[in-house]
Amino acid sequence: MIDLTVRFTNKVIVNLTSGCWEWTSTIDRGGYGRFKLLGKLRQAHRVGYELLVGPIPAGCDLDHMCENRRCVNPAHLEAVSHAENCHRIYHRDVSLAA
Ligand SMILES: [Zn+2]
């Protein structure tokens with residue numbers, strides 16, 4: 001059996017400009033990468049974060065600070081509460097619309 005970390009990183013291409021780890025496998029309708037783990041499809045950035053950083057605190061979302069949903073680089077992800085993540089997304093959208 002191939003090591004999980006190897007299987008995961010085989011699906012990633014590093015963008016040398018942004019530093020993003022671009023997911024090259026399945027992408028869901030929301031634009032997030034998908035990774036099959038223990039028979040279940042999971043969001044790739046969450047799997048990567050758990051593999052390389054540690055457990056995501058209960059009830060937390062991972063905010064893409066690079067705003068690239070395909071990105072699975074744990075250094076570009078921050079665990080925040082769901083409310084905080086919605087707040088950030090709202091303010092980003094407002095600033096993009098301005
Ligand atoms: Zn990124």
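**How do you know? Questions about a predicted model**

Biologist: Which residues is Trp 23 in contact with, leaving aside its neighbours within four places in sequence?

Modeller: In this predicted model, Trp 23 is in contact with Lys 11, Val 12, Gly 33, Ala 44, Arg 70 and Val 72. A pair counts as a contact if the C-beta atoms lie within 7 Å, so each of these residues passes that test with Trp 23.

Biologist: What makes Trp 23 part of the largest nonpolar core?

Modeller: Core members have to be buried, be of a nonpolar kind such as Trp, and be joined through C-beta atoms within 7 Å. Trp 23 is listed in that core of 10 residues, along with Phe 8, Val 12, Cys 20, Trp 21, Tyr 32, Phe 35, Ala 44, Cys 71 and Val 72.

Biologist: How much of the protein is buried, then?

Modeller: Buried residues come to 21% of the 98 residues.

Biologist: Why is Leu 38 called exposed?

Modeller: Just count! Leu 38 has 6 other C-beta atoms within 10 Å, and the cut-off for exposed is 12 or fewer, so Leu 38 is exposed.

Biologist: And why does Glu 67 count as partly exposed?

Modeller: Glu 67 has 14 C-beta neighbours inside 10 Å.

Biologist: What makes the phi of Leu 38 worth a look?

Modeller: Most residues other than glycine have a negative phi. Leu 38 isn't a glycine, yet its phi is positive, near 50°. Glu 67 also has a positive phi, near 60°. Leu 38 sits in the loop between β3 and β4, while Glu 67 is in the loop between β5 (60-64) and β6 (77-81).

Biologist: How do you know that β3 and β4 pair?

Modeller: Pairing takes at least two bridges. Strand β3 (residues 34-37) and strand β4 (residues 40-43) have 4, in the antiparallel sense, so they qualify. For example, Phe 35 has Arg 42 as its bridge partner in β4. The hairpin has 2 residues between the strands.

Biologist: Stepping back, what pattern does the protein follow along the sequence?

Modeller: The pattern is α-β-β-β-β-α-β-β-α, with 3 helices and 6 strands.

Biologist: Why call the protein as compact as a globular protein of that length?

Modeller: The globule rule gives 13 Å for 98 residues, and the radius of gyration is 14 Å, which is close, so the description holds.

Methods. Residues are numbered from 1 along each chain as its sequence is written. This is a predicted model: local features need pLDDT of at least 70, side-chain atom pairs count only at pLDDT 80 or more; totals for chains, interfaces and linings use all residues. The radius of gyration is taken over C-alpha atoms; the globule rule is 2.2 Å times the number of residues to the power 0.38. A residue is buried if 20 or more other C-beta atoms lie within 10 Å of its own, exposed if 12 or fewer, and partly exposed in between; C-beta atoms are placed from the backbone. Two residues are in contact if their C-beta atoms, placed from the backbone, lie within 7 Å.
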